Amino acid sequence: MPGKNLSRDEAQQRASLLSVHGYEVHLDVTSAPDADATTFRSTTTIRFSCTTPGAGSFADLLAPSMRAATLNGRRLDPAAVFDGARVALEGLEAENVLVVDADCAYSRTGEGLHRFTDPADGETYLYTHYEPAEARRVFANFEQPDLKAPYRFTVTAPAAWDVYSNAAEESVTEQDGAKVWRFLETKPISTYLTAVVAGPYHVVRDHWSRELPDGSTLEIPLAATCRRSLAPHFDAEEIFEVTKQGLDFFHEEFQYPYPFGKYDQCFVPEYNIGAMENPGCVTFKEDFVFRSRVTEAAYENRANVVLHEMAHMWFGDLVTMKWWDDLWLKESFADFMGSFGQQEATKYQAAWVTFANQRKAWAYRQDQYPTTHPITADIRDVEDAKLNFDGITYAKGAAVLKQLVAYAGRDAFFEGARRYFQQHAFGNTVLGDLLEVLAVTSGRGEQAMAEWSAAWLQTAGVNSLTPQVTVDAEGRITELAIEQGGEVLRPHRIAVGLYDREADGALVRTARFELDVTGARSAVAEAAGRPRPALILVNDDDLTYCKIRFDADSLATLRTSLGDIREPLARALAWSACWNMTRDGLLPARDYLDLVVRFAGSESDIGVLQTLHAQARSALDVFADPGYRAEGGRLLAESALRELRAAAPGSDQQLAWARFLAATAQGEAEFQLLEGLLAGTARIDGLEVDQDLRWSLWIALAAAGRATVEQLDAELKRDHTASGSQKATQALAARPTAAAKAAAWSAVADSDQLPNAMVGAQTAGFQQAGQRELTAPYTARYFELLESIWAERSIEIAIRFVGGFFPRLQTDEATLAATDAWLTEHQQAAPALRRLVLECRDELARALRAQAADRG
Ligand SMILES: [Zn+2]
């Protein structure tokens, strides 16, 4: 559709012409509970000025129809000015009033105004999600982050509903059997940050207050909402606890009072991402409402997301990037602050371990794709923007900020943030605005900050740091040097740790040296003369962003003793380094699996353990030589069973191993245990087989051909919920029959009616490592459909199709050749589509290299 993919050039042009005084938006969603109603009425009044009277511009609106529009009282002919994506505006005056009356569509893709009907009780729920550019699906606007304006929302909704928005409600009145919710005017914010949440949501309220330096008291009402049928599982107190800790922490550090009045946190169904920082009305995926037992890692992750979104109230909402090139300005900060705040202000003390081990793995993966980009990116249009919510913008950006804190100092970093908020409140910024304050507060000066920025923010790629050690006849270090690899060499502030055994066998740090690594080779002068240690760990304490390598002796120590490293962070770094080496073909996949089999059982950090489980699956399914898969799979399954039986009853480790057994089971005895756990005829002391675990077991059995449709239907009757429906769909798609594969494929490929969550369930079930032959015929169909799916579906669904159905388990030369052929023949395909396929292609090529390394 022309005009749907708004470009940076168009946005710049429009921002140079227009400034927006305010929006009044009226949405009538009284039809929402009627499943046959496909649209809702949306009326928008925009007051704005134009620097060049007589000029033309446009408003954005993605809607099935526009009923009417007036510009400065002049009627516009819908047929002439509206093309489905834009409203053409000609003959602008210095001051303008645009009124657009449209029918907008209820969404089932999580973009725009999403509508969901709860299978448990038939209740209907709505919420909006816009980033980067979907507010135009709900009301006419100027959809770009730098045209900020205040909003007044009015929502007419069914009488039994509650409605939430960015601002508090001003009045709620009855009208024709419905209720009209008028909200107070918001502060000036960007279109993508506006929000409406409506439905019979369950709500829990609380309150936070704080005395400000001027003696006044800041009062912030808190609310947390979820669907009614989830209310029995909703632990709002725990959410409020983290919320209050975060509000205290950010006020302490930022010294800028929370500016958006109230703080609602809404947990919503079928949400496409983890959460969204709408000012005063944050939306979260409702997987964060735990229906079944989850491990501490899940609570930790949720707390991290709560703090991430809260940090955005300042970084992103109060001060917003001018365009999506500087998306990192908000995401890197929020990601960093999520972990930082967690460590400093909450009970979750493994935040930096999780960051080092999981979050950075995402960055390292993304940064080695041919499509990687500098943290400050070149974003030509909103399709580009959609794809840049990636491992670079979030995790690498956050890692680089962690490095900046090591480089500039914590106080300088926060003083820079405080000045940045003061200078740019309610405005828009670019990279230079931040560097300017940091140059002053760090004391390092403009030149140094510019160099730092050029190295870290404006170039792509990851360095490797490898220790080179020479030893004399007495076993003493004559020289320890750090060699830096990579296309662009960067300044790294790092710590190097030397580890040796204690009497009890534990590997502990006996020396730590902090230094700047600048060029290709940097000596660690203080290490000379010390005895050669058992293990040399570069980037100890995880100060910088790099791939850690080892000298031969240290690697030998890890092979026999990785689990003996006492400190959780150092151990997590060792695991992470071994995983990167496996991906790079420097450590055979079977050796990585051997490490997992031998040492995962003693891993005390539950988040690290769960990461090991996921990575072991990838190592086996993708990176191991196909000839080794059967044996490697058997070893993993045996270890899962052994560790499950050995784990402390009722522990997180026990639950994690139970899930891992379901994911790896392949022998008759293992499957019989899974069946027995479901039937209640087998027990593992302390292990509660609750609903989520039941579904994990059913999916495993379904994939192995050991679950009938009748059994899965019966389980769905037992768990007739949103989550149950998704899991049942995944289990049905996982069955090892040609018909099951065809049905899953067709449900997504042949119809655009499937909601986002169900698309995910179908693709997850479709791809099974043990079913490569069954799914092989779909490779050709996949490439045939790519372009039409991209053109016809919403971008969210198209992304799910491209990633979900890519034949990633067909790790062979033929699939690589088919991918290359598509890329060669589709040079003109949408850049965002090509980017996704290039990334899948790169994973496949990496898998083939790793398999060759594993064959030896
Ligand atoms: Zn964010």
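This is a predicted model: local features need pLDDT of at least 70, side-chain atom pairs count only at pLDDT 80 or more; totals for chains, interfaces and linings use all residues.
## Zinc site

Three residues coordinate the zinc ion. They are His308 through NE2, His312 through NE2 and Glu331 through OE. The distances run from 2.0 to 2.1 Å. Along the sequence, the donor residues follow the spacing H-x3-H-x18-E.

Both histidines sit in helix α4, residues 296–312. They are 4 residues apart, so about one helical turn separates His308 from His312. His308 is buried, and His312 is buried too.

## Annotated domains

The UniProt record, an unreviewed entry, carries the annotation "domain: Aminopeptidase N-like N-terminal" for residues 112–193. In the model this span is 0% helix and 45% strand. Its end C-alpha atoms lie 12 Å apart.

UniProt also places "domain: ERAP1-like C-terminal" at residues 535–845, again from an unreviewed entry. Here the content is 69% helix and 3% strand. The end C-alpha atoms of residues 535–845 are 32 Å apart.

## An open four-stranded sheet

An open sheet is built from 4 strands in the order β8-β9-β14-β11. The pairing is antiparallel. Its edge strands are β8 (112–117) and β11 (162–165), and each of them pairs on one side only. From one strand to the next, the twist averages 10°.

How many bridges link β8 to β9? There are 6, in the antiparallel sense, with β9 spanning residues 124–129. Within this pairing, Phe116 stands opposite Tyr125 of β9. As a general point, side chains in a regular strand alternate between the two faces of the sheet.

Strand β12 covers residues 169–175, and strand β13 covers residues 178–183. The two run antiparallel and are joined by 6 bridges.

β12 and β13 form a hairpin with 2 residues between them. Asp176 lies in the turn. Its phi is positive, at about 50°.

## Aromatic pairs

The model has 61 aromatic pairs. One of them joins Trp181 and Phe183. This pair is stacked, with 6.4 Å centre to centre and 20° between the planes. Trp181 and Phe183 are both buried.

Tyr258 and Tyr263 form an edge-to-face pair. Their ring centres are 5.6 Å apart, and the planes make an angle of 85°. Are these tyrosines buried or exposed? Tyr258 has 3% relative accessibility, so it counts as buried, the limit being under 20%. Tyr263 is also buried, because its relative accessible area is 0%.

## Charges over tryptophan rings

Note on methods:
Residues are numbered from 1 along each chain as its sequence is written. Side-chain values use heavy atoms; hydrogens and water are left out. UniProt positions are given in the numbering used here, feature names are shortened, and annotations may be inferred rather than shown by experiment. Two strands pair if DSSP finds at least two bridges between them. Axes are lines fitted to C-alpha atoms, for helices over the stretch in contact, and angles run from 0 to 180 degrees between N-to-C directions. Rings of Phe, Tyr and Trp (its six-membered ring) pair if their centres lie within 6.5 Å; planes under 30 degrees apart count as stacked, over 60 as edge-to-face and the rest as tilted. Buried means under 20% relative accessible area, exposed over 50%, partly exposed in between (1.4 Å probe, protein chains only). Donors are N, O and S atoms within 2.8 Å of the metal (3.2 Å for Na, K and Ca); water is not among the atoms, so sites may look incomplete.
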